[in-house]
Each structure stands twice: as C-alpha cells, then as structure tokens.
Number of protein chains: 2
Amino acid sequence: MLPEYPLNLGTARSAIRELFEYGKQRAAVVGAENVFDFSIGNPSVPPPAVLNETAQELLLHEDPVALHGYTVAPGDADARSLIAADLNRRFGTDYGPQNLYMTVGAAAALCCCFHGLTCPGDEFILFAPYFPEYAVFLQGAGAKVKVIPPEIESFQIDFDALEAAITEHTKGLVLNSPNNPSGAVYSAETLRRLADLLRDRSAQYGHPIYLISDEPYREIVYGAAVPWLPDFYDNALVCYSYSKSLSIPGERVGYVLVPPTVEDWELVYASVAGAGRMLGYVNAPSLFQRVAARCTGETADLSVYAENRRLLVDGLRSFGYHVVEPAGTFYLFPRTLEPDAQAFARRAQELDLLVVAGDGFGCPGHVRISFCVPTERIRRALPVFEKLAQSYK
Amino acid sequence: MLPEYPLNLGTARSAIRELFEYGKQRAAVVGAENVFDFSIGNPSVPPPAVLNETAQELLLHEDPVALHGYTVAPGDADARSLIAADLNRRFGTDYGPQNLYMTVGAAAALCCCFHGLTCPGDEFILFAPYFPEYAVFLQGAGAKVKVIPPEIESFQIDFDALEAAITEHTKGLVLNSPNNPSGAVYSAETLRRLADLLRDRSAQYGHPIYLISDEPYREIVYGAAVPWLPDFYDNALVCYSYSKSLSIPGERVGYVLVPPTVEDWELVYASVAGAGRMLGYVNAPSLFQRVAARCTGETADLSVYAENRRLLVDGLRSFGYHVVEPAGTFYLFPRTLEPDAQAFARRAQELDLLVVAGDGFGCPGHVRISFCVPTERIRRALPVFEKLAQSYK
C-alpha cells in the first residue's frame, strides 16, 4: 500500500554509497592509508576563511530574531541583491533580485524548475554522462526522460543524436558544464550550435524549449573559461549551488536564476516559486543565505584539486589509460581497460582502489575517479593504478 | 505551456502576506506604534542563549569539512541519537536514530510523508481549522483532501463528521496539536476515541490508516500536557520542526519520526526517505542539524507569549468576545462579532488592527490573532479591540 517510486528510491542501494561503506570496512582491516577511495564527490578542502568569519560575525552582531527568522520565499532581498551584483560584474548582465529564487541547494533548484515547467506529456533531454539524480528528479516531476548517448572523444554533444531526439514534446534540456562525471566544459562553439538548434525547433513547434543549466562546478575550473549560457540562449534557467565552490554541501544553499530574457520570465519565475511552495521549500536556510551571498564569487582553495588533477592525468596516461583531461570539476573519467566498466571497477576494488563504474552515469566503458581527496592518497594510489593497467597486458 | 498548479501557487496573492505588507505601508503613514499587526506567525522572541553558543562553538572547534559537509540522507547519526534520547527521556519510549529522518523543517517533513504514502486514489483528512499549506502539500502529492468541519466549542473533533468521512480510500489524517490557528491541544480522551475509530476502520478496510502529526508547537503550551500521540495509536508518524520552540524558523530543521510500532515501519521509513530524495531534499542543513540536536528539548523564553496570551484572553473576554482559551501556540482564534469574518477583519483593519479571517483555515466566523509580538503592542491594541466591539453594539 506504499507508492512504488519513492519506496523503490528509499530501498535501492546506492552503488557509490556501498563502495564508500566498503572502503571504511576495508580501512579497518588493512589500514586507512592502504585503501584508495575515489568514490565520493564531497569537497575535501575547507571553506574559505571568510566564510567562517562571516558566519561568526552574523551570529555575534545581527538581531537573532531576524537572522534565524523566515525570509520571504524567494530569499532574503539583500542576499539576492549581492548575488545579482556579483553575476552582473562577472558576466556583464543586468539581473536584479527579482530574477533570483534562493533554494535549498542545486537539487532543490532543479526540482523547482522541473516541477514548475513540466506539463503532462512533457519530455526532458539529458546528455550522457549525467548525474543520475537528474533522472530521479525528472521522474518525480512526471516528466519523460530521454538520454543522448555520450560523445566520448571530447564529451561535447552528439548533435546528430540530439537532432533526432528533440520533438514537439521536448520541454527542456538539462546541461551540466563543467560536467559531473566527465569534467568537460561545453565550448562556446558547442553552445552556439545548441542554441541555434533550439531556436529553430522552438519556432517550429511554437513553444519555448528551455535549457536548464546545473552549474555547481562553475568556479572549479583549471584555466578554462566557462561560457555564460544566457549569453547564447534566451530561454535558459541557471541552477547554482554553493556546495562545491564554498565547500559547504551540507548547508544546502543555491538559487535558480530566471533571466529577463526568458519568454514570460515573470510567469516562469512564479511557476518555479510555486513549485517550491508545493514541495515544502519554505525558504532556503536563512543564516547561510546571508553567508553565501556575502561570500559569493569566492572559492575554497582549489589548488589541491589542481595538483591532484595534474598528478592523475599525467600518471594515468603514462600507464596507458585513455583520459580526456577534465577542464573543470574534481572528477576524472577515464576509459576502462575492458569494455565492461563494472568488471573493471571490481578488479580495481580487489586492489583496494575504489572507483565508480560509468554505467550509472549513462556512460559504460568509463569509471569516475573523484579526486577531491588528500594529495597523498593520489601519490600512494598511482602505483596501484599502474599495477591495474599491467594486469590487462 | 506552464503547469497550472505551481503557476497558480506562485501567482496567488497570500492574504496574510498582503495584510503584513499593508501594515508596513500604514506604519509609514501613521507610525509603527499605531499599527497593530497580528497577522504573521513568526516567533518574536530570540533563540535561547545556548543556541548561539552552540553554533559558535561548532564553528570554532569542529572540522569545517565535516561540519559543513553532506550528512547521510537520514541526517547526522549523532544528531539523531541525541534527539531520540531526548524523546525517550520525555516520553518513556525506546526510539533509536533509525526511527528519525531529519528534514528541512516541518513543511519538508510533511511533504516527505505525503509523497511517501500517497498512492493513486488515496485520500487524506484534515480537521478544520487547519494550516492552509497542508492542502497545498497534499494536492502536490496527488492526494485527495477531505476536510472535517470545525467543532467550535472546544476545537476538539467532530466525531460524527469524521466517522462519515472515513472510507476505504482514506490513507491518513493530519493532526496538528497544539493547533494553528485555534491553539487547542487534543485531550487524551479525544485521542483515545480517535485511535479506537481508526483501529476499527483499518481492520475493516484491511490496511493501515496513518495519523500524520504535525507538532511544531509541542513545547509552546501554557500548563497543558500534550499527550504523546504514539502512545495512543501505533500507525502514527510525528513531524516536528525546531522553528517555534527554538525560534529558528528560517533555518529549516525538523524531522519525521517513524516509530517502530508503525506497521512495516522500515518500509514506511524507506518510502518517506525515498520521497525526500525524489523531491531534492539531499539532507537537512548540516550545521543546524547539530545545533538543534544539541539544543533539543530547550525552548526560547516563552514567558512573553504567556503574558501576551493572558492579556488578550482576559481583555477580549471583558469586551464581550467569545474566546476559547488556547492551551498552546501563540495564536488566539476568537469568534467574530458578525458571521462574515472577512467583513469583520476589514472593519478591524480600518482601525489599523490586522487580524486574519478564519476562512482560509477552513473555519469562517473566526479570526486568527498571532500574539508572537511585543507585549507593548498588545497593551496598546486592547482599547482598539474594545472600540471594535463597541462598534457592533
């Protein structure tokens, strides 16, 4: 007598979490330093010092009734103004607080967009490899999900497959650049071509096709510029989270940006906010709305990620792995040395090397290596990656 | 091309918020001290000192990567253990962390229960007067809503109406005691009778009927004991929020308790948690999970509410209003002096007395007075309540 979908979600075992639990058990047997866990995408560097200072200062000096009280549903007006000003400074835009809807992290931002846009029969398109929860959130919103197969040479977009997939039922596409798990950043050329295609099809079908851009890794890049999507396409909604940039994933603060270029943007904004209300999202956590807004644009010290990335890319290539260098994120997504990524991951696991098969991301033949770990773990793991490669020779 | 329900929710004007905005505009004209705003249920007393101290201490001494990192989806295990221990101490129960699912406030707790329980065709029963968002959340979960008319002599339960309303499609009932807006606390006698009825009907229909108990006001009582619902009925789920007891409504921390007496409690828990996942509730805010758990059972200084309640009850009665004395909450729900509560509220508004008509709570003929305000406002407002009463003589 319980509904099938949430019950299945609640009882399903998570492959990533099982791997993580296994790692902890193994650590108790062989020592933590001999288990090379690359399974979990949890930021490993502390938040920037300014974050703790800001939180302390607010707790000491602000009226606690206001500080911990309800904010209006769209979020504290000052916080939204600060965030809009930061976006305007960085991207030459002209957003105001009325374009921002503060959310309980990016997951909530996505759910508010999906529930706020989906009408019966609507389809959304995902690009493999993709973060698996997108499909969970979309199904929860009653949308049909179509997946575009991966383009594994550069992890840009397979446009032939995309052109075939878009129909009059397409309500939107979910972009994630920098991408979890591939680390790819969509180039300006990719985005121009995508925007052209969507404008054509929107005109052909007589309704807007929305781009929902999930950008929690926007600031975690290694020299690459991340093109600002709304510059390319009018009907783009941006979902953001401070989880990765400020290393506060547990605090759950993010936003939906509905730019004024979006067709009927005030109605779209209202529908996103109405979805938030319907789903029980009263307001984003009040203290951390203020903290994140005052630290917006700052990042944790990302130099550890940069060093880890360099070590892994160079090391794995030297052992014969095929690696597309990640332009951003803290993930590496190399090809596996046999077609069956799950078999490869199991063989790695026998060496206490914990990596996640790409199958769950819609991209078999690859594994995800989360390099948000202490650099020492990478150094100690490299000979094990070499041993694994040799076992295939 | 936008879905009707969230769009309507997002564009609908909130009567309470409009009143609140009106109050701010009037204050600019006639002075804040001459506007008597009793519209908003926002705690007016600061959190207990221990809350700020606990937050400061965690920020100073805990590893920030762990403190601000993801917790497991059910919530930090230590936090859940502390909360379970507090419940066990107070209610003589034997709960463990596995019975608690930490949520982003009570609204999220309710949404997780509703989405985690509702199958197609299921009905939920609300008791008027009721917090209007219950109906919003239930409709969002696809449940049909039935409302039991109010029993306005004591705001207990109209059992004749309830017996007629329960059918084989009844999946659950939502209880809210102490009640917003009536302030009533259900007596042990009411709960015994309710439990007997539900056990009979569950047996008759061959499936459990769940009680979903929304208890954010559990600690905000004036001498009354709030009976512990799971002592009366096995299939009861408890939703809680720290918003009111700790005066932190903006921080969004609460929980769902699934007691081990619930039939197949582990599956029910899984379905509630699966619903949380589906709706994008990754984890409850991590810092405030720890803060709330360490302060669980504490309350803000509620003496202001007690004084406000005494002044209002005695004052209004002396002016001829019919008032059921609220056993808990910071709301008073007197009868209006004409049958049309909205007309009464408008006449009050002409005197700069802002109260909310009961119609939106499913209980016409009454107004809600939120007395979570400075006592001085009550003292100054009493002569205006008297003037309003005289205008009806």
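Visitor: Does C112(A) count as buried or exposed?
Guide: This is a predicted model, in which local features need pLDDT of at least 70 and side-chain atom pairs count only at pLDDT 80 or more, while totals for chains, interfaces and linings use all residues. Residues are numbered from 1 along each chain as its sequence is written, chains are lettered from A and ligands numbered from 1 in the order in which they are written, and side-chain values use heavy atoms, with hydrogens and water left out. Buried means under 20% relative accessible area, exposed over 50%, and partly exposed in between, using a 1.4 Å probe and protein chains only. Because its relative accessibility is 1%, C112(A) counts as buried.

Visitor: Which cysteine has the sulfur nearest to that of C239(B)?
Guide: C239(B) counts as buried, because its relative accessibility is 0%. C239(B) is in no disulfide, and the nearest cysteine sulfur, 3.8 Å away, is that of C113(B).

Visitor: Where does C372(A) lie, and which residues does C372(A) contact beyond its neighbours within four places in sequence?
Guide: C372(A) lies in the loop between β12 and α14 (375–390) of chain A, where helices (H or I, at least four residues) and strands (E, at least two) are DSSP runs numbered from the N terminus. At 5% relative accessibility, C372(A) counts as buried. With contact meaning heavy atoms within 4.5 Å, and leaving aside neighbours within four places in sequence, C372(A) touches I40(A), G41(A), N42(A), P43(A), S44(A), Y305(A) and F330(A).

Visitor: In what order do the three strands of the open sheet in chain A stand?
Guide: Two strands pair if DSSP finds at least two bridges between them, and two bridges join β11(A) to the antiparallel strand β12 (residues 367–370) of chain A. In that pair, V356(A) stands opposite R368(A). The three strands form an open sheet with antiparallel pairing, in the order β9-β12-β11.

Visitor: How many of the five residues of strand β6 of chain A are buried, and which residue stands opposite V174(A)?
Guide: Strand β6 (residues 210–214) of chain A has five of its five residues buried, so the strand is largely enclosed by the rest of the structure. Y210(A), I212(A) and D214(A) point one way from β6(A), whereas L211(A) and S213(A) point the other way. Four bridges join β6(A) to the parallel strand β5 (residues 170–175) of chain A, and there V174(A) stands opposite I212(A).

Visitor: About how much area do chain B and chain A bury between them?
Guide: The contact takes 71 residues from chain B and 71 residues from chain A. Buried area is the accessible area (1.4 Å probe) that two parts lose on being put together, summed over both. Of the area buried between chain B and chain A, 63% is on carbon and sulfur atoms, and the whole is about 5500 Å².

Visitor: Which residue of chain B meets R277(A) in a salt bridge?
Guide: A salt bridge is a side-chain nitrogen of Lys or Arg within 4 Å of a carboxyl oxygen of Asp or Glu, and the rule finds two across this interface. In one salt bridge, with an N to O distance of 2.8 Å, the side chain of R277(A) meets that of E133(B).

Methods: A disulfide is a pair of cysteine sulfur atoms within 2.5 Å.
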